[in-house]
Amino acid sequence: MDIEILRRVSAIQEFFDIEEDKELPEGTRLFLNAMTDVTVPKGKDIVTYGNECDDGMYIILEGTTDV
């Protein structure tokens, strides 16, 4: 995943306390580098209540979702 894209996402900036022109701490950089980009087709479930799921989280960069 492109760290420069992630560091512009407001939720990422707030969570990691990222300042625009400052270098990222090593731990933050490693965490962001471990993220993978996933495209989910419209109408496909991301997670389903009651089903076992992988460890992880999703950050919606484009589009919308219902819960």
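This briefing describes the fold, the surface and selected residues of one protein chain. The model is predicted. The chain contains three helices and zero strands, and its order along the sequence is α-α-α. Its radius of gyration is 14 Å, whereas a compact globule of 67 residues would have a value near 11 Å.

**Overall shape and packing**

- Along the principal axes, the C-alpha atoms of the chain occupy a box of roughly 40 × 25 × 20 Å.
- Among the 67 residues of the chain, 16% count as buried.
- Considering contacts in the chain with a separation of 6 or more, 39% involve residues 24 or more positions apart.
- The accessible surface of the chain amounts to about 6300 Å², and carbon and sulfur atoms contribute 48% of that surface.

**The loop between helix 1 and helix 2**

- Arg7 belongs to the loop that runs between helix 1 (3-6) and helix 2 (10-16).
- Arg7 is buried but has no salt bridge. The nearest side chain of opposite charge is that of Glu4, at a distance of 4.1 Å.
- This distance does not qualify as a salt bridge, because the definition requires a side-chain nitrogen of Lys or Arg within 4 Å of a carboxyl oxygen of Asp or Glu.
- When residues up to four places away in sequence are not counted, Arg7 touches Gln13, Ile18, Glu19, Glu20, Lys22 and Leu24.

**The loop between helix 2 and helix 3**

- Asp17 is located in the loop between helix 2 and helix 3.
- The phi angle of Asp17 is near 50°, which is a positive value in a residue other than glycine. Most residues other than glycine have a negative phi.
- Asp17 is exposed, as its relative accessible area is 63%.

**Charge pairing**

- The structure holds one salt bridge. Its partners are Lys22 and Glu19, whose closest N and O atoms are 3.7 Å apart.
- Side chains of opposite charge can pair when their charged atoms come close.
- Glu19 is partly exposed, with a relative accessible area of 43%.
- Both partners of this salt bridge, Lys22 and Glu19, are also among the residues that Arg7 touches.

- Apart from neighbours within four places in sequence, Thr28 is in contact with Phe16 and Ile18. Ile18 is likewise one of the residues touched by Arg7.

**The segment after helix 3**

- Val47 contributes to a nonpolar surface patch of about 520 Å², together with Val38, Val40, Ile46, Tyr58 and Ile60.
- Gly63 is also placed in the segment after helix 3. With a relative accessible area of 64%, Gly63 is exposed.
- Gly63 and Val47 are separated by 16 residues in sequence, and their C-alpha atoms are 16 Å apart in space.

Notes: Residues are numbered from 1 along each chain as its sequence is written. This is a predicted model: local features need pLDDT of at least 70, side-chain atom pairs count only at pLDDT 80 or more; totals for chains, interfaces and linings use all residues. Side-chain values use heavy atoms; hydrogens and water are left out. Patches are made of residues with over 30% relative accessible area and no salt bridge: like charges are joined within 9 Å, nonpolar side chains (Val, Leu, Ile, Met, Phe, Trp, Tyr) within 5 Å. Accessible areas come from the Shrake-Rupley method with a 1.4 Å probe; for residues, only the protein chains shown count as cover. Helices (H or I, at least four residues) and strands (E, at least two) are DSSP runs, numbered from the N terminus. The radius of gyration is taken over C-alpha atoms; the globule rule is 2.2 Å times the number of residues to the power 0.38. Buried means under 20% relative accessible area, exposed over 50%, partly exposed in between (1.4 Å probe, protein chains only). Contact means heavy atoms within 4.5 Å. Lys and Arg count as positive and Asp and Glu as negative; His and the chain ends are not counted.
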